[in-house]
Amino acid sequence: MPVDFDPYIILGISPDAPADEIKAAYRRIARRLHPDVNRAPGAGVQFQDITVAHDLLTDAMQRRRYDDSQQSKDPNNLYFSLRVMPSKRSIMPLSEPQVLYLLAEILPDPRAQEGQHKRESRLNLTLVLDHSNSMSGTRLDRVKVAAHQIIDQLTPEDVFSVVSFNDHAEVVIPATTVTEKSALKARISLMMASGGTEIYKGLAAGVEQNRKYLAPRLVNHVILLTDGNTYGDQDRCLALAREVTREGISISAMGLGQEWNDKFLDELASLTGGSSAYINSTNSVVKFLNDHVRNLSNIFAERAHLSIAPDPDIRLESAFKLSPNPQPLSVDEGNIPLGSLQLNRTISVLLQFEMPAELQFGFRSIARLVASGDVLANRLQKYQVLSDFSVEITPEPQQEDPPAAILDALGKLTLYRMQERAQEALENGDVREATRRLENLATRLLELGEPELAQQARAEAQQVAYTYNLTDKGRKALKYQTRTLILGASVEIGDE
Amino acid sequence: MICPYCGYRNRPGFLYCEECGQRLAESLSSTTVPTRELDFDTDEFASRSTWGTARFDQQSFIILHIRDADDPITLQPQQRTVLGRQDTTSPQQPDFDLTPYGALEKGVSRIHAAISRNDDTLTIVDMSSANGTHLNGQRLIPDQPRVLRDGDEIRLGKLIAHIYFKT
């Protein structure tokens, strides 16, 4: 059976390990990952991999065939690496559970920055554009300008398609290589605003166009732009997102104005590893979309995933992607999609674990992390890298500050969580609690030198006190702008 | 771990308070220096009353003579100038730090009193300090502003200063 990962690395053994060592390594890891002892979704995914690796390496003929295939490996192949750091390297056992943070960073091969390897990624890009009634006037005009500029950015190597939708979907540009730019632009100019918003129809038609040229060497990406709420078809959209992720397509979702459903678009995008964003003014549509597409042509590896298998007594509580696009991640996924790894930016993810009370002294493992993705420049793209992370449990832990990268990121992430907690309180009908949390948020924002956002938080606190509700605009601004602050913190990490 | 700013109880290992967003440092509680409670006889500080002008216009500034200090301090009061003792671990910092004038020994609170600028006058208000603020020997009621006059004597804990207006 063909494998698309290195079975020696997955089992943590050397390529000349004898059969009994392979078995021992397998048993050691299986004790931590077996579904009977470990219910974490990530453990399930990783258990499958070690089982496949074990079966392959203990079968003499398959092992020889695999080893032979490695001989012919291209030495110019590029890889990415996985770097993990904890909030504390040594931990004191407590009588109650305690929290530990890990910062996981995926870094592109430094050789990829050098001239002979530098190759721009080729795109298979689909735009799914809302042209419902509410888009009429300036909005649709700006979207057309943005689409024109995107066409200008593309090369004849790229594949491009456009679908517009309201109550039904229409293929404006069927998937095609970008040769006749003016003809493509003319078709976009013909779009007119009318009708309602049914996202599923647009998305399904867009995916259908994208699939026509779907290939592992391409960046297969769908951008959904909408300004409205869709009714009754959200579950179908999410099911479609799950399906296309497996095929290798990612979806980014952009909401324009105030009326769209942020929870839904966030979930849709994060299921596929794409990004979601809030475009608060019509004028920024053009720049926003162009920047997004520019980043797509700067990709080192596509379809990056991270699977996290905490040890059986440890719980992964939350995961948040800090960079390149800040986004909460779902810890219910065994293999969390992270989207694209760009040439010049790391993907960094902050993980929050809960460790049990009464830990035993000594070194102990926390979690096994496996990052995978398709390196676009390689002939065989699939690549996996593993980090098995441990800390020391000791009665006298070192007094050290957590790494600055974790502190910076977490400081900003806490603000994002505070607005989330304010909304939770509101959903539970606790107006006083929500008001207090918004006021706390305003205070912190002011201290961190964000007076405008602080002002907004304070205005929302008053709004809540009077109307028991947030304004749509304020709610989205607080959510997406506190998220943007996180990016500010994490860019510094990438720059060091 | 209990947040020193808002008192919220966070799980151990948290680096920022979930409730108020402030950084939780493990060693914080042990390094905060509480304001000393002084036990002294008020007769030690005799009161005095000379009445200068209360007029303080927009171009004016303050000359502050702190007793036992070498040089007078020139202060351009903002809308509100908080006097107190700087403490790096405290969530609030004063605008004017009295630490160099022996504020800790003299029982000055971290946030002790504030001088506010109004249209034509200056007022001083005690900000619930531990050892109180005295104006010309009279103890101020916390949070109730009083008008300052040229030549007034203020006392923060045991720290005595004279205020002169300059135009």
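Biologist: In what order do the 5 strands of the open sheet in chain B stand?
Modeller: Bear in mind that this is a predicted model: local features need pLDDT of at least 70, side-chain atom pairs count only at pLDDT 80 or more, and totals for chains, interfaces and linings use all residues. Residues are numbered from 1 along each chain as its sequence is written, while chains are lettered from A and ligands numbered from 1 in the order in which they are written. Strands (E, at least two residues) and helices (H or I, at least four) are DSSP runs numbered from the N terminus, and two strands pair if DSSP finds at least two bridges between them. The pairing in this sheet is mixed, and its order is S4-S3-S5-S6-S9.

Biologist: Which strands of chain B stand at the edges, and why is one side of each left without a neighbour in the sheet?
Modeller: An edge strand here has a single partner strand, so one of its sides has no neighbour in the sheet. In chain B this applies to strand S4 (96–97) and strand S9 (146–148).

Biologist: And which residue of S5(B) is the bridge partner of B:Arg80?
Modeller: In chain B, strand S3 (residues 80–84) and strand S5 (residues 113–117) run antiparallel and are joined by 4 bridges. Within that pair, B:Arg80 has as its partner B:Ser116.

Biologist: What share of the residues in chain B is buried?
Modeller: The secondary structure of the chain comes to 1 helix and 11 strands. A residue counts as buried with 20 or more other C-beta atoms within 10 Å of its own, as exposed with 12 or fewer, and as partly exposed in between, with C-beta atoms placed from the backbone. Of the 167 residues in chain B, the buried share is 31%.

Biologist: How far apart do the C-alpha centres of domain 1 and domain 2 of chain B lie?
Modeller: The bounds, which come from an automatic or database domain assignment, are 1–31 for domain 1 and 43–166 for domain 2 of chain B. The distance between their C-alpha centres is 33 Å.

Biologist: How do the residues on the side of chain B that touches chain A divide by type?
Modeller: Two residues are in contact if their C-beta atoms, placed from the backbone, lie within 7 Å. By that rule the contact takes 18 residues from chain A and 11 residues from chain B. Counting Ala, Val, Leu, Ile, Met, Phe, Trp, Tyr, Cys and Pro as nonpolar, Asp, Glu, Lys and Arg as charged, and the others, Gly among them, as polar, the side of chain B divides into 5 nonpolar, 2 polar and 4 charged.

Biologist: Over to chain A: why does A:Pro7 count as buried?
Modeller: A:Pro7 is found in helix H1 (residues 7–11) of chain A. Beyond its neighbours within four places in sequence, A:Pro7 is in contact with A:Ala53, A:Leu56, A:Leu57 and A:Tyr66. A:Pro7 and A:Leu56 are 49 residues apart in sequence, yet 7.9 Å apart from C-alpha to C-alpha. A:Pro7 counts as buried because its C-beta neighbours inside 10 Å number 21.

Biologist: What arc do the buried residues of H10(A) cover?
Modeller: The buried residues of this helix are A:Val285, A:Leu289, A:Val293 and A:Leu296. They lie on the same side of H10(A), because the arc they cover around the axis, taken from the directions from the axis to the C-beta atoms, is only 50 degrees.

Biologist: Which residues are exposed on the other side of H10(A)?
Modeller: The buried residues of H10(A) are covered by elements that include helix H5 (138–153), strand S8 (250–256) and strand S9 (276–279) of chain A. The other side carries the exposed A:Lys287, A:Asp291 and A:Arg294.

Biologist: Which residue of S9(A) stands opposite A:Leu256?
Modeller: S8(A) and S9(A) run parallel and are joined by 4 bridges. S9(A) is covered on both faces, with A:Ser276 and A:Tyr278 buried on one side and A:Ala277 and A:Ile279 on the other. Opposite A:Leu256 stands A:Ile279.

Biologist: Last one: how many residues lie between S5(A) and S6(A) in their hairpin?
Modeller: Strand S5 (residues 159–165) and strand S6 (residues 169–177) of chain A run antiparallel with 6 bridges, and A:Ser164 stands opposite A:Glu170. The number of residues between the two strands of this hairpin is 3.
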